[in-house]
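Reader: Could you walk me through this structure, one question at a time?

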Amino acid sequence: MKNKLSGVIIAFVFYLLAIFLKFSNDWINIVLFIISYLFVGFGVLRKAIRNIFRGKVFDENFLMSLATIGAFAIGEYPEAVAVMLFYQVGELFQSYAVDKSRKSISSLMDIRPDVANVLRDDKVCEVAPDEVKIGEVIIVRPGEKIPLDGCIISGSSSLDTKALTGESVPREVQDGDEVLSGTININGVIKIKVIKEFGDSTVSKILDLVENASSKKSKSENFITKFAKYYTPTVVIIALMLAFIPPILLEGASFSNWIYRALSFLVVSCPCALVISIPLSFFGGIGGASKLGILIKGSNYLEALSKTEVVVFDKTGTLTEGVFEVQEICAVDIPKEELLEITAYAENYSTHPIAESVKRAYGKEIYEEQIESAEELSGFGILAKIKGKDVLVGNEKLMAEKSIEFTKCNGIGTILYVAINNKYMGYILIADKIKDDSVMAVKGLKKNGIKKTIMLTGDRKEVGEAVANELSIDKVYTELLPNDKADKVESLKNELASKGKLAFVGDGINDAPVLAMSDIGIAMGGLRF
């Protein structure tokens with residue numbers, strides 16, 4: 001792209017020299033125009049010649065070349081260079097947008113696992129994931145990506161599933177649970193029996209969705225090339241007829257005069273105005289949006305927004321903060337501050353996002369000498385001895401396991417039940433916070449003619465429905481993987497009116513396939529399309 005920009009700048013400088021400096025010798029001006037033309041038009045000429053040898057004669061490159069060479073032939077040098085300059089400026093905008101997209105998509109490749117640790121002959125061997133067979137056992141250590149879909153046969157752990165589902169809460173897994181490739185093992189060592197080959201695994205399907213998403217793009221994206229396929233031969237045929245038929249049929253008509261007119265017709269018929277009208281005529285709109293922190297890939301998307309009927313949202317990081325916060329503290333026979341303090345001390349050594357949210361809510365220094373012991377009970381919670389007291393912090397299963405009577409919380413989110421010396425002392429509700437402007441955004445969309453708002457999420461049904469109800473979202477689909485989201489978006493697009501458009505708003509790697517295949521993809525935060 002830097003080479004293209006340099007070529008445009010150099011060509012523009014020579015063009016200005018030829019326009020504003022009137023040399024005594026006209027040939028100097030002509031040479032300046034030719035130099036400018038070659039800098040900015042050589043690539044188009046090369047494409048046109050290459051396509052001719054490949055049998056693809058009538059495209060926009062051929063007509064651009066023919067029209068500009070024709071302009072030189074009739075002495076309209078400024079017009080010939082200007083046509084190529086404007087065309088390349090439009091191409092420059094497009095190249096910039098495509099480069100941004102490629103960088104965004106390349107970040108998705110981080111979910112591709114490099115190796116799989118396979119247990120063969122009682123030895124751990126590092127092999128490529130696509131060499132692992134169904135039925136083999138792989139070992140995944142803390143911090144490693146799970147390379148293939150499988151079923152846990154030994155061990156338990158927490159899995160970071162954000163790359164697949166967008167859900168911020170780590171998923172607790174143990175013996176017998178199925179796990180998906182692309183997720184990250186957070187703590188325990190687990191053995192997994194492979195149930196799918198790499199080509200059929202979840203991570204492979206996601207990568208395939210992104211790589212082939214362009215094939216599901218709107219037909220209008222290739223409109224200019226398809227238009228030129230029919231427009232170019234028509235213009236060339238008319239120009240040939242204009243050059244030769246009148247001199248033959250009309251008395252006194254000269255070939256030189258009508259060839260000049262035919263070349264003029266070619267220049268006027270050049271599709272450069274069509275090619276550059278999109279990026280330049282909407283430049284003001286794109287510039288205005290950029291002042292508000294909105295980067296628009298192309299003005300065709302800006303135009304498509306006016307036809308949008310359905311807006312589909314991802315949940316985590318889009319409508320919600322994607323960061324967990326303590327939402328409610330319910331204490332029994334103990335002050336709320338003390339319940340929060342004892343829970344923060346119990347969670348002190350944990351790096352789990354839930355633990356971090358509790359410590360952040362406590363907000364005070366934790367004196368580790370007061371923590372006599374702390375043991376993580378995988379899948380249940382934490383057993384600790386703090387200030388001489390036996391403390392249990394965990395889920396419902398932990399309370400049931402220790403035979404502690406407790407009052408169940410029906411709130412939406414992650415609930416930490418707390419018991420001190422085997423007596424239930426209350427709970428702390430932790431949930432992803434809805435963004436302050438989400439309600440306003442949804443209301444604004446409906447006010448401006450959006451017919452339906454939909455939310456797609458990998459979260460549990462009760463969590464997704466609670467967020468949808470609070471934001472007045474028309475429809476919600478929960479517990480979806482990236483390929484499920486892609487299928488759902490494709491289904492929703494098929495339900496639209498013939499001219500209606502669908503926009504998807506998302507945040508995160510897991511949304512890349514859906515963003516790429518939507519009529520309009522709106523990416524928030526780290527992933528930009």
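Predicted model: local features only at pLDDT ≥ 70, side-chain atom pairs only at ≥ 80, totals over all residues.

The questions below go from the whole chain to its cores, a helix and a surface patch.

Reader: What percentage of contacts between residues at least 6 apart in sequence join residues at least 24 apart?
Author: Happy to say. A contact here means heavy atoms within 4.5 Å. Among such contacts in the chain between residues at least 6 apart, the share that joins residues at least 24 apart is 60%.

Reader: Which element gives the most to the largest nonpolar core?
Author: That core has 25 residues, and Leu339, Ala346, Ile386 and Ile430 have the most contacts inside it. Elements that each supply at least two residues include helix H13 (353-362), strand S11 (320-331) and strand S16 (423-434). With 6 residues, the top contributor is H12.

Reader: Which residues does Ala346 touch, leaving out those up to four places away in sequence?
Author: Ala346 falls among the residues with the most contacts inside the largest nonpolar core. Beyond its sequence neighbors up to four places away, Ala346 touches Ile382, Ala384, Ile386, Val391 and Val393.

Reader: Let's turn to H3. How many of its 14 residues are buried?
Author: H3 runs over residues 60-73 and reaches 20 Å from its first C-alpha to its last, close to the 20 Å expected. Its buried residues include Phe62, Leu63, Met64 and Phe72. H3 is largely enclosed by the rest of the structure, because the number of its residues that are buried is 11.

Reader: And which residue just after H3 takes a positive phi?
Author: The helix itself covers residues 60-73. Just after it, a phi of about 85° is taken by Gly75.

Reader: Which helix gives the largest share of the nonpolar surface patch?
Author: The patch includes Ile237, Met241, Phe244 and Phe255, and its residues together have about 970 Å² of accessible area. Helix H7 (223-249) and helix H8 (255-269) each give two or more residues to it. The largest share, 7 residues, comes from H7.

Reader: Is Leu240 buried, partly exposed or exposed?
Author: Leu240 lies in helix H7 and belongs to the nonpolar patch. Buried would need under 20% relative accessible area, and exposed over 50%. Leu240 has 48% relative accessibility, so it counts as partly exposed.

Note on methods. Residues numbered from 1 in each chain as written. Heavy atoms only, no water. Helix = DSSP H or I, 4+ residues; strand = E, 2+ residues; numbered from the N terminus. Expected span 1.5 Å × (residues − 1). Buried < 20%, exposed > 50% of the residue type's maximum accessible area, 1.4 Å probe, protein only. Core = buried A, V, L, I, M, F, W, Y, C linked by side-chain atoms within 4.5 Å. Patch = residues over 30% accessible without salt bridge, like charges linked within 9 Å, V, L, I, M, F, W, Y side chains within 5 Å. Areas by Shrake-Rupley, 256 points an atom, 1.4 Å probe, with all protein chains shown as cover. Salt bridge = Lys/Arg side-chain N within 4 Å of Asp/Glu carboxyl O.
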